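This report goes through one protein model, from its surface to its core and back out to its charged pairs. Please keep the sequence and the 3D view open while reading.

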Amino acid sequence: MALKILKKSGYVIETLFNDKVIATTDIPDENGNKKSATPGELTTAATACCALSVINMIANENGHAIEGAYAETSQEYDNKNNRISKICIDFHLPQSTPHPLREKIKNQTEEECTVSRSLREDIKKEFLFFYDI
């Protein structure tokens, strides 16, 4: 099933999957206030979700579980051209991850992440890996 995108009041947009709201976006007002993530922030979140899925697959293929792993995201904007210029993702993974697997995760995550590969080539991507959980 395709996602349904529904315009609500003001600048609020809802994304539905199987008739359930899975995301809500908002655009900041003139004072920078907003009630939800912006579409740009969701783009960064989608990249992190995809990349964390790739990390999970790599770990599973190598007999390692990463339960509790998470990612924190931010992005930089090119205000002149009104677009994302850089996506930053910090991955927090188990300390028990073996060093050879850490290297594999670092080398393969971005190249195997469908969302990351689908973004414009001039959008910088910074993937940092912390083995702290």
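Predicted model: local features only at pLDDT ≥ 70, side-chain atom pairs only at ≥ 80, totals over all residues.

Which residues make a nonpolar surface patch of about 400 Å²? The patch is made by L3, I5, F17 and I22.

I22 belongs to strand β3, which covers residues 20-25. Its relative accessible area is 52%. The cut-off for exposed is over 50%, so I22 counts as exposed. In soluble globular proteins, nonpolar side chains tend to be buried together. In this model, I22 is exposed and takes part in a nonpolar surface patch.

## Overall layout

The protein has 3 helices and 6 strands. From the N terminus on, the order is β-β-β-α-β-β-α-α-β. The C-alpha atoms fill a box of roughly 50 × 35 × 25 Å along the principal axes.

Of the 133 residues, 35% count as buried. The protein exposes about 8600 Å², and carbon and sulfur atoms supply 50% of that area. Among contacts with a separation of 6 or more, 51% come from residues 24 or more positions apart.

## The largest nonpolar core

How many residues does the largest nonpolar core have? It has 22 residues. Those with the most contacts inside it are I55, F91, L93, I105 and F129. Four named elements give two or more residues each to this core: α1 (39-61), β5 (83-93), α2 (99-112) and β6 (124-131). Helix α1 gives the most, with 7 residues.

F129 shows how these parts meet. Leaving out residues up to four places away in sequence, F129 touches I55, F91, L93, I105, K106 and T109. I55, F91, L93 and I105 are also listed, with F129, as the residues with the most contacts inside the core.

## Helix α1

Helix α1 has 23 residues. From its first C-alpha to its last, α1 reaches 33 Å. That is close to the 33 Å expected at 1.5 Å a residue.

Which residues of α1 are buried? They are G40, T44, T47, A48, C50, A51, V54, I55, I58 and A59. An α-helix has 3.6 residues a turn, so residues three or four places apart point the same way. The list of buried residues in α1 includes T44, T47, C50 and V54. What covers the buried residues of α1 includes β4 (70-78), β5, α2, α3 and β6. Just after α1, G63 takes a positive phi of about 70°.

## Salt bridges

The structure holds 4 salt bridges. One of them joins the side chains of K34 and E41, at 2.6 Å from N to O. K34 is partly exposed, at 35% relative accessibility. E41 is also partly exposed, at 24%.

D122 forms a salt bridge with R83, and their closest N and O atoms are 2.9 Å apart. Why does this pair tie together parts that are 39 residues apart in sequence? The reason is placement: D122 lies in the loop between α3 (114-118) and β6, while R83 lies in strand β5. The side chains of R120 and D122 meet in a salt bridge as well, at 3.0 Å from N to O. D122 is partly exposed, with a relative accessible area of 40%, and R120 is partly exposed at 48%. Through shared partners, salt bridges join R83, R120 and D122 into one network.

Where does N18 lie? N18 is in the loop between β2 (13-17) and β3. N18 has a positive phi of about 50° although it is not a glycine. At 42% relative accessibility, N18 counts as partly exposed.

N82 also has a positive phi of about 50°, and it is not a glycine either. N82 sits in the loop between β4 and β5. Is N82 buried or exposed? At 69% relative accessibility, N82 counts as exposed.

Conventions:
Residues numbered from 1 in each chain as written. Heavy atoms only, no water. Patch = residues over 30% accessible without salt bridge, like charges linked within 9 Å, V, L, I, M, F, W, Y side chains within 5 Å. Areas by Shrake-Rupley, 256 points an atom, 1.4 Å probe, with all protein chains shown as cover. Buried < 20%, exposed > 50% of the residue type's maximum accessible area, 1.4 Å probe, protein only. Core = buried A, V, L, I, M, F, W, Y, C linked by side-chain atoms within 4.5 Å. Contact = heavy atoms within 4.5 Å. Expected span 1.5 Å × (residues − 1).
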